[in-house]
Amino acid sequence: MNNQLIEKATELRNKGLTTGEIADELNISKDTTQWLVMQMSSVSKPKKDNKPDDFAINWRNIGSSSVRMQQISMALADFLMESEEQIDVIVGISVSGVPFATIIAEILDAELAVFHPIKHMKNESAQGTISNNFANIKNKNVVIVDDVITSGTTVADTIKVCRTHGANPVAVSVLVDKKGIDDIDNIPIKSLITINKVG
């Protein structure tokens with residue numbers, strides 16, 4: 001499996017994707033992506049030193065079907081309906097959180113906003129940003145939606161930027177939580193699948 005990930009990371013790097021974009025495509029952490037990229041010169045015999053403790057999530061069987069995307073989004077929306085707070089805007093984290101967010105916004109009759117994370121930017125010392133092409137989040141209750149939480153850094157950045165824009169984040173909704181956490185910055189995580197490492 002490592003060789004397949006190394007080859008895929010190499011292919012994506014050759015297409016010009018940033019480390020953060022590769023991490024998103026493979027649903028792995030940036031540290032794992034950097035480790036894979038370092039292995040490129042030794043595809044036949046990957047180095048074992050400093051190998052990150054991570055694994056890739058492949059949800060292509062869901063993402064390739066609009067029917068499955070709708071059904072998964074309905075399950076995510078169902079979790080959100082348990083909230084006692086009104087939900088005004090669904091904030092989809094670009095790229096993979098946006099399809100879920102779009103469907104969830106329709107189900108919950110909420111507006112849609114899009115967040116561009118730092119990891120997709122050439123200048124990673126910048127801050128993630130809310131797109132101006134979608135809903136304004138100021139003074140609104142927002143739910144942040146993504147596909148996978150790996151380290152929690154992107155979600156934490158999204159929460160911070162939403163607050164900076166005057167929004168009130170009330171929940172985070174994801175398909176898979178690889179970190180196995182209940183909240184980030186006191187905002188509850190609602191995941192369909194939570195991975196807890198044993199031992």
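Q: Hi! Which helix gives the most to the lining of the largest pocket?
A: Helix 1 does, with five residues. Bear in mind that this is a predicted model.

Q: Thanks. How much space lies in that largest pocket?
A: About 590 Å³. Its lining has 21 residues, and those closest to the centre are E25, L26, N27, N58 and R60.

Q: And which elements give two or more residues to the lining there?
A: Helix 1 (2-14), helix 2 (19-26) and helix 4 (60-63).

Q: What about the lining by class?
A: You get 10 nonpolar, five polar and six charged residues.

Q: OK, on to the second largest pocket. How much space lies in that one?
A: About 390 Å³. K30, K119, S151, T153 and T154 lie nearest its centre, out of 21 lining residues.

Q: Which elements give two or more residues to the lining of the second largest pocket?
A: Helix 2 and helix 3 (30-38), along with strand 4 (141-149) and helix 7 (153-164).

Q: How do the residues of that lining divide?
A: Into seven nonpolar, seven polar and seven charged.

Q: Let's zoom out. How many helices and strands does the protein have?
A: Seven helices and seven strands. From the N terminus, the order is α-α-α-α-α-β-α-β-β-β-α-β-β-β.

Q: What share of the residues is buried?
A: Of the 199 residues, 48% are buried.

Q: Last one: what share of the contacts with a separation of 6 or more comes from residues 24 or more positions apart?
A: Those pairs account for 61%.

Terms used:
Residues numbered from 1 in each chain as written. Predicted model: local features only at pLDDT ≥ 70, side-chain atom pairs only at ≥ 80, totals over all residues. Heavy atoms only, no water. 1 Å grid on protein atoms, 1.4 Å probe; cavity = no way out; pocket = protein on both sides within 12 Å on 5 of 7 lines; lining within 4 Å. Points joined across faces, edges and corners; volume = space filled by probe spheres on them. Helix = DSSP H or I, 4+ residues; strand = E, 2+ residues; numbered from the N terminus. Nonpolar A, V, L, I, M, F, W, Y, C, P; charged D, E, K, R; others polar. Buried < 20%, exposed > 50% of the residue type's maximum accessible area, 1.4 Å probe, protein only. Contact = heavy atoms within 4.5 Å.
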